[in-house]
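Please look through the sequence and the model shown here before reading on.

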Amino acid sequence: MSLEKKIQLRPGEEIYLIIRRAGITFAWRYLLGFGLLFATSFYLFWLLNQGVLGVVAMSLGFLLGFYIIFHAWFFWKNNMLVVTNDRVVDINRLGFFEELISNAVFNDIKDIYLHRRGIFANIFRYATLVIESKSQRALLELPAVSDPEKVLALILDKNDEFESRRGLLDKRAVYKRFLQIIPDLSEEELCEVLDLVDLRLANISSLTAEVPIEVEEEE
């Protein structure tokens with residue numbers, strides 16, 4: 001299933017950023033997996049000479065090594081935060097056949113912060129990214145995010161863009177609603193609106209009036 005279908009993108013919604021865990025946090029798993037593969041390969045001929053038990057041990061070594069490598073890659077690939085122009089989606093893969101997807105719309109976000117803890121987190125400069133919602137229905141969290149300050153700044157910028165776009169849409173909605181109720185306004189209300197319009201037009205005219213240019217006379 002594609003990522004767009006998984007998070008069910010809405011009309012006009014676009015994916016802006018995909019955030020995954022720092023690959024360095026999976027390094028020990030890859031080392032263990034490749035170590036098992038190397039050890040099994042190194043003793044391959046000796047194991048084959050041990051008969052059935054040797055073949056079983058060789059098969060287990062290869063299978064376990066590949067499994068550890070695949071497990072590390074699979075959970076790195078499928079655990080992420082997806083930032084769109086409207087919301088942040090948390091895809092949390094709990095197991096090979098278990099997945100939890102939650103999201104927080106930008107106008108429902110209460111706080112976004114970083115939590116860095118431990119020696120390795122400070123050495124390799126990764127941190128846990130936490131997003132709290134105002135409704136307390138969602139707590140989005142992704143551990144070990146690399147370059148977390150930059151990621152945080154990008155999400156905040158997208159949040160500001162959402163608020164600006166939302167304010168513009170609200171203004172247009174109010175304007176359209178105003179046009180719809182004009183036929184229902186009384187004469188007194190229309191006169192009040194007309195006075196406000198005249199005042200606004202007068203202010204605009206005063207701001208756009210040309211400033212006279214003084215021309216110095218030649219001596």
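## A residue at the surface

In this predicted model, Ile119 counts as exposed because its relative accessibility is 66%, and the cut-off for that word is a value over 50%. Ile119 belongs to helix α5, which covers residues 119-124.

Ile119 is also part of a nonpolar patch on the surface, which it forms with Ile24, Phe120, Ile123 and Phe124. Taken together, the residues of this patch have about 550 Å² of accessible area.

## A residue in the interior

Thr84, by contrast, has a relative accessibility of 0%, and it therefore counts as buried, a word that applies to values under 20%. Thr84 is found in strand β2, which is made up of residues 80-84.

Which residues does Thr84 contact, once its neighbours within four places in sequence are left aside? They are Ile7, Leu9, Glu13, Glu14, Ile15, Tyr16, Phe106 and Lys158. With one of these, Glu13, the side chain of Thr84 makes a polar contact of 2.7 Å.

## The chain as a whole

The chain contains seven helices and seven strands, and, read from the N terminus, these elements follow the order α-β-α-α-α-β-β-β-β-α-β-β-α-α. Among contacts in the chain with a separation of 6 or more, 53% are between residues 24 or more positions apart.

Of the 219 residues in the chain, 28% are buried. The chain exposes about 15,800 Å², and 60% of this area is supplied by carbon and sulfur atoms.

Terms used
Residues numbered from 1 in each chain as written. Predicted model: local features only at pLDDT ≥ 70, side-chain atom pairs only at ≥ 80, totals over all residues. Heavy atoms only, no water. Patch = residues over 30% accessible without salt bridge, like charges linked within 9 Å, V, L, I, M, F, W, Y side chains within 5 Å. Areas by Shrake-Rupley, 256 points an atom, 1.4 Å probe, with all protein chains shown as cover. Salt bridge = Lys/Arg side-chain N within 4 Å of Asp/Glu carboxyl O. Helix = DSSP H or I, 4+ residues; strand = E, 2+ residues; numbered from the N terminus. Buried < 20%, exposed > 50% of the residue type's maximum accessible area, 1.4 Å probe, protein only. Polar contact = N/O pair within 3.5 Å; in protein donor to acceptor, adjacent residues only side chain to side chain. Contact = heavy atoms within 4.5 Å.
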